[in-house]
Amino acid sequence: MKSLVVTTAMSAVLLSTPAFAGDETDITQLMSGVQKALNSIAVNHNNTGIEQSGTNAANLISWDGASFDDLSQSATGATKQLAKNSASTTYGQWNDLTQGAVNLINSIDIGNASGVDVQTVMQNAIGTDQDAINVAQYGQWVDGVAQNALNAANLFTGNDVEDLIEQKFDASQLASNDISGADNNEWARDIESIATNVVNSISADDIEEAVQIAKGNQAASNYVNFGNGDTGFAPSTADLDNVIQTAMSAANMITIDDLDGSSSQTASLSQLSENVAAFTGAVSSPAHNAGRVSGLTQTATNAGNIMTANSLPSTSGVLEVNQVSSAMQTATNALAGQGALNNVTQAATNVANSVGMPAPSL
């Protein structure tokens, strides 16, 4: 998932490799501004094959295979990012609609080649706002919608961190996908909505000392409503059919090979991940034919203070792993149907403070 974040942002901002990269190179980046990526479509009839993509990216270092001295990235409270896609049709329907909204603050990727290292890494996002929003409004029905709303702040990917990597987040993230039909809407099918928030992520080989602090709030939500297919051009399947909703908020994640010194993870933020599918149409006669659901998967996940390591050696005789969580985690899934249900899965998960090894390869 993290590689998707970086890849998407890099499509908007490309950084070449200067010739002066080396162990003595320092890079400092400061963001204090507003970024808005907005797409809007408003029509009155049927629509097929529509794509909307909005991306904001601030403070990026992408430098494969070079060592550095100190890397510093900061975003102040004046930093606001809004990526929003809106598609509305008052009468007709959406067929094959794709919406992607991405916000990225503070990302470092220096590759994982052997011998490539950095002395210190500092990433701070304090008081910032990231809003990634996708909205699809329809009159009759939707058939084939893919939505991805993603916020990410303080990401590091590299090989060795010789001294200290410190990531601090005290800000707000909202990732939201909304599919809303009119009062006389009929059916919705073949939908995938993904809402994701990530703060403070480290992926490396060996690190000496890591400090991650996460405050503020994260909210990831997906919503879809549907009506009664029997009122018009009824599909051969249910009124809500083949729908996947995935909401996740994650803070303070470390994935490494070895920890050579100490790590400290503190999470004291609010995390909300929610999925809602709601019948809002009129009830026909017989009533059990209205609002039928077939093939709905809702997954809501919150995670804070997660360390995954192959081993925890202590080369200096001292090894410390500290995890402190006072986070408020709420994961919820809701289905308000009217008719029969078939193949419905709901999974709500909260995880705080976890140290473990990677899952074995299959």
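A search of the whole structure, which is a predicted model, finds 4 salt bridges. One of these joins the side chains of Lys 80 and Asp 129, with an N to O distance of 3.0 Å. Because Lys 80 belongs to strand β5 (residues 80-89) and Asp 129 to strand β7 (residues 117-138), this pair ties together parts that are 49 residues apart in sequence. Both partners have intermediate accessibility: Lys 80 counts as partly exposed, at 30% relative accessibility, and Asp 129 is likewise partly exposed, at 28%.

A further salt bridge is formed by Arg 189 and Asp 143, whose closest N and O atoms are 3.3 Å apart. This pair links distant parts of the chain, since Arg 189 is located in strand β10 (residues 187-203) and Asp 143 in strand β8 (residues 141-157), 46 residues apart. Asp 143 is buried, its relative accessible area being 18%, which places this residue under the 20% limit for burial.

Arg 292 and Asp 239 also meet through their side chains in a salt bridge, at 3.3 Å from N to O. Here the two residues lie in loops: Arg 292 in the loop between β12 and β13 (293-311), and Asp 239 in the loop between β11 (206-226) and β12, so that the pair ties together parts that are 53 residues apart in sequence. With a relative accessibility of 0%, Asp 239 counts as buried.

Asn 275 counts as buried because its relative accessibility is 1%. The side chain of Asn 275 makes a polar contact of 2.9 Å with the side chain of Asn 222, and reaches the backbone oxygen of Thr 299 at 3.0 Å. When residues up to four places away in sequence are not counted, the residues touched by Asn 275 are Asn 222, Gln 245, Thr 246, Ala 247, Gln 298, Thr 299, Ala 300, Thr 332, Asn 333 and Ala 334.

On the surface, a nonpolar patch is formed by Leu 312, Leu 319, Val 321 and Val 355, which together have about 260 Å² of accessible area. Val 321 counts as partly exposed, at 32% relative accessibility.

For the protein as a whole, the secondary structure comes to 1 helix and 16 strands. Of the 362 residues, 52% are buried. Among contacts between residues at least 6 apart in sequence, 86% join residues at least 24 apart. The protein exposes about 14500 Å², of which 50% is supplied by carbon and sulfur atoms.

The mean pLDDT of the protein is 88, and 87% of its residues reach 70 or more. Over residues 1-20, however, the pLDDT is below 50, and this stretch has 33 contacts in the model beyond near neighbours in sequence. Where pLDDT is low, the predicted coordinates should not be read in detail.

Conventions
Residues are numbered from 1 along each chain as its sequence is written. This is a predicted model: local features need pLDDT of at least 70, side-chain atom pairs count only at pLDDT 80 or more; totals for chains, interfaces and linings use all residues. Side-chain values use heavy atoms; hydrogens and water are left out. Patches are made of residues with over 30% relative accessible area and no salt bridge: like charges are joined within 9 Å, nonpolar side chains (Val, Leu, Ile, Met, Phe, Trp, Tyr) within 5 Å. Accessible areas come from the Shrake-Rupley method with a 1.4 Å probe; for residues, only the protein chains shown count as cover. Buried means under 20% relative accessible area, exposed over 50%, partly exposed in between (1.4 Å probe, protein chains only). A polar contact is a pair of N or O atoms within 3.5 Å; within protein, one must be able to donate a hydrogen and the other to accept it, and residues adjacent in sequence count only if both atoms are side-chain atoms. Contact means heavy atoms within 4.5 Å. Helices (H or I, at least four residues) and strands (E, at least two) are DSSP runs, numbered from the N terminus. pLDDT is the predictor's confidence in each residue, from 0 to 100.
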